[in-house]
Amino acid sequence: MTLIPPHDPLLGALSMDEVYFDHEGPRLFSATSRSGRRFLAVAVDEDESSETYLYLPVSDARFGEIRSGALDLRTAFREPEDGSLFVVVADYEQPSRNRVSVVSPDEVAEDWLPLEGSRLQASTATRPVITAEALSLEASQRGRAMLAVELDPADIYRTEYPLRSLARISRGIQDAVDALAQEAAGRATARGAIPESILQEAELAFVESRAASFVLVLAPTSPPRLFEASLLVDASARMTELIEAGHDPESLSRLLAGSGPRARAKYRAFLEALQDDDSGASFWFAEPNTPPRTATLRREEVRGSLELLRSTTTEVREIELSRASIIAVHLRRGTFELFDHALGRRYAGYMEPDARLEIAGLPTGDQYFYRATLLAEEQYSETTDEVFTEHRLRSISERTETGNP
Amino acid sequence: MSADDPDRIRGPGLGSARGVSTPRHLAHPALGCETCVGQVRYIPKTMANSATPHRPPGCPPATAAPPDGTFFRLVSGKLRVGEAPGDGEWVLPVSKPKGECAGATDRCDCHAHSVFADVDDLRRARTWSQWVRSKAIASLQLRSDMGLIEASPSDIGDSHNDWWPINGDPPEALVVEEAQA
C-alpha cells in the first residue's frame, strides 16, 4: 500500500495531482482530495523506516500563486491560509501507516522550510483557457466577430501581463488594424488622420483576458451584425495573413510590397512591441458561423519578420554614432537616451533586446563615450500630417581608442 | 488503471506529458522479457543473493535507450566530496524497505534509479526540500552497455531520467557536492 499521498481522516483520501520533483519517489508535489481540497507537499526528513512530509493546504488561488512563482515556497509554508499545516510521517514499519499531526507554522523546524526566495515558476493558467474553437462558438453565440491575440513572453508564468507592455501591444494591434482597414476601404494615405468612419468600423474593444499564456479577447465596438463583411473583417484577415507569412519570407515580402507605408509602419511597431517583450503572438479571428482563422508568429520568427520588414523599406535606416554618452537608461521600460557629441544631438527611444543586455551596467555621464548603432524609423501621426522619426538602440559598446576613465 | 497504463509510471497526468507514445507493454529487447520463456532475466549483482522482484511485463519500455554520458543523483548525506557511493546506494527503489516503491513490483519506474542529466535540477530542488539538502550529489558515468534509460521529466520539466541497470556492477560514481544539512 502506498502511503504517498495519504488516505487519512484529517487530510481526506488524496490522489497525486502533479509532481514537481521526483527522486525515486515524489519529493515535492501537489495532491487533491476527493472533495477538491488541495495540498502542496514536500519531503523534509527520513530515518531507517520512515519518510516525513509537510502538507500545506492551499486554495486554488493560493495554489496558482505558488505554482507560478508569484509566491515563494518559504512564505507559503510559513503563512498557511488556514493558519496550520500537516506533518505526515509515512511509517513503513509493519503494518505501514501514516502518522498525521496538525501543527502551526511556528512549530515547524526552521530547516524543514524551503529556503528563502525558492520558487516553482511553472506556467500556470490563472484564467479560464480559450481555444480558437471556443472563440468561434462564442462568436456565433454572441452574433459578433471576435478576435483573440495570444501573447507568450518567456518570463511570465501566470495569466497576467504588465500593463505598460499591454498598453503598447494593444495600441500596436489597433493602429495596425486601423491602417489595414484604411487600405481595405481603398482610401489609404501615408499621412494625416484616418477618416472617422473607418476608425469607427475598425475599432476594437477589450472583452476579457484568458489563458493560456495570456490571451486578449477583443470584439468590435460597433453593434453586432452591423458590419458583417466589414472593414474590421478585412483588416483582421490581412493582419492574420501578415502574421502567418512570418514563416515564409517570400510571402511576407509580397504582402509588404502590397501594403502602404502607414500599414507597414504600424505593423512594424506592433512587431517591435512583441520583440521588446520577447513574445510571439497567435491571432484567432472568428465570425459567427464561420470557421476561425488562425495564425501564429513564434517568438523567434518575430525578429525575422522585423528584419525583413526593415530591409524592404526606405522608411528605416541605420545611424552609427562614434562618440556618444549615455544620458539615461530605463531597463524596466526598455528605453534609452543618448547624446551624440559629434553632431550635438540627442536620441531617445526603445532598445532592442541585444542592446538592453549590452547597456546594462555601463556608466552614464558626459565623461564616458560609446559607439552605438541606432535605427531611425519613420512613423505616422494619428492626428496630423506629421511624419516623425522614432529611434531604437540596436547596439552599444565602449570606445576603446579614447579610453573611458 | 492497468499496469500497462503509462500514467501508472509516475502518477496521473504525466504519461502523455513525457511524450510516451509507445505502449509500455512492449518490453525493450535489450533487457529481454521476464515473462517470456527462453529469454534472460536481469538480476542486479548487488541484489543477486536476495529475492529480486521481477520487472512487470513491458518494463523497461521499448522507448528506453542505452545511456551514454554523465548523470547525477542524490546519495547518502554522510558521503564527502570525492568519495564513491557504496553498494547500498544502488538498491533499486522496489527493493528498499520504505518509500512509495517499497514492494511495488508492478511499477516499472520502481525498478529504475533516478538520475538527472543536469546537476542544476538537484541544486534547485535543494532550495525546496530539506530532504534533498540532507543528501550529497554524486556524478556517475553511464555507458551504453549499462542498461537502458528514458527521460521522465516532472510536471515543470527537468532532466530526470529513469535508468534500468543491466548488470550488477555499480557505475563509476563520485560525490561532487556534499549535503547542505
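A residue is called buried if 20 or more other C-beta atoms, placed from the backbone, lie within 10 Å of its own, exposed if 12 or fewer do, and partly exposed in between. By this rule, 44% of the 181 residues of chain B count as buried. The model is a predicted one, in which local features need pLDDT of at least 70 and side-chain atom pairs count only at pLDDT 80 or more, while totals for chains, interfaces and linings use all residues. Residues are numbered from 1 along each chain as its sequence is written, and chains are lettered from A in the order in which they are written.

Chain B has 2 helices and 6 strands, where helices (H or I, at least four residues) and strands (E, at least two) are DSSP runs numbered from the N terminus. Read from that end, the elements of chain B follow the order β-β-α-α-β-β-β-β.

Two residues are in contact if their C-beta atoms, placed from the backbone, lie within 7 Å, and 32 residues of chain A are in contact with 27 residues of chain B. Each strand in the table supplies at least two residues of the side of chain A that touches chain B.

| Strand of chain A | Residues |
|---|---|
| β2 | 12-22 |
| β3 | 26-33 |
| β4 | 38-46 |
| β5 | 50-58 |

The most is given by β2(A), with 7 residues.

In helix α1 of chain A (residues 60-68), the buried residues are A:Phe63, A:Glu65, A:Ile66, A:Arg67 and A:Ser68, and what covers them includes β4, β5 and α2 (73-78) of chain A. After α1(A) comes A:Gly69, which has a positive phi near 95°.
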